[in-house]
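Open the model in your viewer and keep the selection tool ready. The stops below go from pocket to pocket, then to a sheet.

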Amino acid sequence: MSRHARWLIVLVALFAAMFVAIACGDDDDEDKTPSGGLSGKLEIFSWWTTGGEAAGLQKLYELYPNQCGGTVNIVNSTVAGGGGAQARQVLTTRMLGNDPPGSFQVHMGHELIDSWVTTNYMEPLDSLFKEQGWNDVFPKGVLDIVSYQGKPYAVPVNIHRANVLWYNKAVFTANGLQPPKTLDDFFKVADALKAKGITPLALGDVDSFASIQLMETVLLGKLGATAYNGLWTGATDWKAANVTDALNAFKKTLDYVNSDHSSLSWDQANDLVISGKAAMTIMGDWLEGDMKAKNFTNYGWLPSPGTEGVYDALSDTFGLPKNAPNKAAVLCWLKVVGSKAGQEAFNPLKGSICARTDCNPSLFDAYLQSAMTDWKANTIVPSLAHGAAVKPGWLTEISDAVTAFVANKDAATLQNRLAAACKTAGVCK
Ligand code: GAL
């Protein structure tokens, strides 16, 4: 064979190898250049495993190839457990071990900023926000809470409401009762239900967020928005008499819950409402996604007792960890998450409203349309249980105190521990 022919064979082989690499993509975790089409793995980490949660997430995954093209293989990486405490433990180990997922679910506010941004684990997303025009479509208050030193660090996919009372309409009609608007009404209705052998309030706090969230809604109902906000800024004295009253009301509320609450998840508690064994539950509006996933329609809702006009808010967001594998694919994931199409597909199934302001209300059901109206008209306060009101370390102390209280019902000790936790956080004197 001539020298020329040998060179030709080598060149043809080289081109063939390049072609195969471009066409098939390789499966390692290298960054993929968009010019060759996105490819490789994209790991999305969350705690969305229940009906409405998983269904909403799936919609985003389905939109990914439409919006991003390429051959990206999305890996749905989940750690079950409502409220995400277990998922956060796994995430923390991975982040500290320099093994971040492509992107992960994280609550807007303190959870995002104090866990991951000030500690230098995330990339700023200002260019992406600019390129996508997001500074004009997310409310300013939301942009502020996902930002640090003027730059956004995560893309909010939704707004959830924590202070909702859900009830089984048939149970109320059959017993000639009206769903309660105030805490006083709640206790009266609860007594009537109890007398008939119906569990008044379903609770599933195997994941402790559920009892913390119940406490937060009672604090909000008793104290009102201003004093509730003051709990997180030091303006409200944790030892004051109105806080004592509120904690006693929380204690009383626990007299009306199912006895197996500590072994049930929030969605298993919802099954008690659906079956009519329980009349009500107080839970964030992801419960509406659960109702939908379970095809149950005979439910009603109200702001949790005493909280009319107040929206106890939280948001799920996704960001770009430093050293994220397949960065180009992650950036396109974030585009999907922040897009109008993404938010309009995800939120009706998730039971949340868009973080964007331009979603089409007619794609949403009656509850979510009412939430959209309230989100614009109500006083917004940050959720305690879901990473918005306080720093993660403070929330851990509150969580420990509430978990102990739910077992021992010692309200005075709870109040002391909560007051001490505020001091330890450096917020109270
Ligand atoms: C919240 C989260 C919601 C929902 C809920 C129950 O923390 O923001 O999206 O998943 O937990 O798991």
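**The second largest pocket**

Select helix 4, helix 7 (140-145), strand 12 (310-314) and strand 14 (379-382): each gives at least two residues to the lining of the second largest pocket. Helices (H or I, at least four residues) and strands (E, at least two) are DSSP runs, numbered from the N terminus. This is a predicted model, where local features need pLDDT of at least 70, side-chain atom pairs count only at pLDDT 80 or more, and totals for chains, interfaces and linings use all residues. Residues are numbered from 1 along each chain as its sequence is written, and side-chain values use heavy atoms, without hydrogens and water.

A pocket, on a 1 Å grid over the protein atoms alone, is an open set of points where a 1.4 Å probe fits, with protein on both sides within 12 Å along at least five of seven lines; lining residues have an atom within 4 Å of a point.

**The largest pocket**

Next, pick Ala85, Arg88, Ser208, Thr396 and Ser399. They lie nearest the centre of the largest pocket, which 31 residues line. Which helix gives the largest share of this lining? Helix 17 does, with eight residues. Show helix 3 (85-96), helix 4 (110-117), helix 10 (209-233) and helix 17 (392-408) together: these elements each give two or more residues.

Finish at an open sheet of four strands, order 9-10-8-11, with mixed pairing. Two strands pair if DSSP finds at least two bridges between them. The edges are strand 9 (199-202) and strand 11 (299-303). Select Leu165: its bridge partner in strand 10 is Ile282.
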